Each structure stands twice: as C-alpha cells, then as structure tokens.
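Visitor: I would like to learn how to read the features of a model like this one. Please take them one at a time.

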Amino acid sequence: MPKRKKQLKPLSQLDLLMEFFKKNPNKDIPHPEVVDWATREWKKRTSKVFRDPDRGIRSLFQKGLLLKVKKGVYRYTPSVVRRNVQKDFTPAQKEKIFERDGYRCVICGCDSKGTEELHADHIVPQALGGKATIKNGQTLCSNHNMMKKTLRQTEAGKKMFIRLYEIAKNKNNEEVKAFCLDILRIYEKHGINGHIEWEK
C-alpha cells in the first residue's frame, strides 16, 4: 500500500513573521523592515494581501516570542524566548476563574447571557511576566478584554471611571460623581496615565 503523504500545515501570517525573525536572530529589527518583507513575501506566496502585519508583530510580542527593544524595534532571541513563552489557562482553570467571579465581567458585571462573550484574562499580562494561574486570572467580557489589551489595565480603568463620571454628571448623580472624582484624583496623585485627559 502506498504511504500517505504527510499533510503540511498551511502557512499563517504569524508563521511568516516568525520566519523572518528566525532568519535574523539576536538582531534589532525596525518595524518597517519586517512589515515590508512580510507584505511582499505573503503576496508572492499566496497572491493575497497581508492585511495587518502590525497586529501580527504585537501578537508575537504578547505571546513572548519577541522582545521589544524600544518603540518599533523588535528582536528574536531564541534563549530568552524559550524562557518567556507562557502557557494559556487550561479549560479547568478558566472554569474556576469564571466560577470564582460569578460568571460575570469584573468590570461591567455583564454575564454570558448577554451579547458579550466572557474571557479568562491575565491580570498581569503574559508579555510582562504574568503566569497562567487562577490567582492571576479574571473574568472579562470581550469588550473590556479588548479594551484592556489596547489600553492596559490602569488605562482601561481610568477610561471606565471617566465615562462613569460623565454619565453621573449628566444624570446629576452626586454620589457616583464624588466616587469617580475620588478615584480619578488618586490617578493624579500617583501620576498614573496622565496622558489620558478628562474635564472636571
């Protein structure tokens, strides 16, 4: 009987980006250099357009596969990557995190019966050394999980309290307004996220 040919895994955009970094180990590579090569190579190999190489590079960094040297410059260092790659939560861990948090987003309180899907999120992100432990997990809806990934934890929190403050102002809810002001002043006191401005 003839041997069956081994099925090759289709090339993904992340695979292509990693191919470039692996060909250039221990080298500081500016963002445009990777993007230019990846978009050209993807077009050549697939006849398709590489839609978002920037997101792909960020994803590889968040997974611990790349080191960020400075803004817009990344490096692939095999020895460091082996130590840095973090595991994701197991299904059993996710279930315990959801159960502990009452199957609700810890920021907005929405549950899985609403329109938002629930996610088990790393409180300290994997890219910053956060481990896949129940203690480092929290339940977030897909909206707040995306916001946290984009803005980081303290930035997401500040944006949320600014929004809540604005709503309280419009509804003349002095109690909630005072609560939000106290929290936002703590941000100012400690000099956290001063680039996010708000009107008092």
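This is a predicted model: local features need pLDDT of at least 70, side-chain atom pairs count only at pLDDT 80 or more; totals for chains, interfaces and linings use all residues.

Visitor: How do I read strand pairing, and what is the order of the strands in the open sheet?

Guide: Strands of a sheet pair through backbone hydrogen bonds, either parallel or antiparallel. Helices (H or I, at least four residues) and strands (E, at least two) are DSSP runs, numbered from the N terminus. Two strands count as paired if DSSP finds at least two bridges between them. Here an open sheet of 3 strands has the order β1-β3-β2, with antiparallel pairing. Its edge strands are β1 (29-30) and β2 (67-70), each pairing on one side only. Between β2 and β3 there are 3 bridges, and leucine 67 has arginine 75 in β3 as its bridge partner.

Visitor: How many bridges join β4 to β5?

Guide: Strand β4 (residues 118-122) is joined to β5 by 5 bridges, and the two run antiparallel. Histidine 119 has leucine 140 in β5 as its bridge partner.

Visitor: Is β5 buried or exposed?

Guide: Buried means under 20% relative accessible area, exposed over 50%, and partly exposed in between (1.4 Å probe, protein chains only). In strand β5 (residues 137-141), 5 of the 5 residues are buried, so this strand is largely enclosed by the rest of the structure. In a regular strand the side chains alternate between the two faces of the sheet. In β5, Gly137, Thr139 and Cys141 point one way and Gln138 and Leu140 the other way, and all are buried.

Visitor: What is threonine 139 in contact with?

Guide: Contact means heavy atoms within 4.5 Å. Threonine 139 lies in strand β5 and counts as buried, at 0% relative accessibility. Leaving aside neighbours within four places in sequence, its contacts include Ile97, Phe98, Asp101, Arg104, Leu118 and His119.

Visitor: Where does threonine 77 lie?

Guide: Threonine 77 is in the loop between β3 (73-75) and α4 (78-84). At 11% relative accessibility, threonine 77 also counts as buried. Leaving aside neighbours within four places in sequence, threonine 77 is in contact with Asn26 and Leu67.

Visitor: What does the end-to-end distance say about α6?

Guide: The expected span of a helix is 1.5 Å times one less than its number of residues. α6 has 29 residues, but its end C-alpha atoms are only 27 Å apart, short of the 42 Å that a straight helix would reach. The bend at a residue is the angle between axes fitted to the seven residues ending there and the seven starting there. In α6 there is a kink of about 115°, centred on arginine 152.

Visitor: Which elements cover the buried residues of α6?

Guide: An α-helix has 3.6 residues a turn, so residues three or four places apart point the same way. The buried residues of α6 include Lys158, Phe161, Ile162 and Tyr165. Among the elements that cover the buried residues of α6 are β4, β5 and α7.

Visitor: How many aromatic pairs are there?

Guide: A pair of aromatic rings is described by the distance of the centres and the angle of the planes. Rings of Phe, Tyr and Trp (its six-membered ring) pair if their centres lie within 6.5 Å; planes under 30 degrees apart count as stacked, over 60 as edge-to-face and the rest as tilted. By this rule the count is 6 aromatic pairs. Phenylalanine 20 and phenylalanine 21 are edge-to-face, at 6.0 Å centre to centre with 85° between the planes. Tyrosine 165 lies in helix α6 (residues 142-170) and tryptophan 198 in the segment after α7 (174-189), so the pair ties together parts that are 33 residues apart in sequence.

Visitor: Which asparagine has a positive phi of about 60°?

Guide: Asparagine 26 has that value, although it is not a glycine. Asparagine 26 is placed in the loop between α1 (13-23) and β1.

Definitions and conventions: Residues are numbered from 1 along each chain as its sequence is written. Side-chain values use heavy atoms; hydrogens and water are left out.
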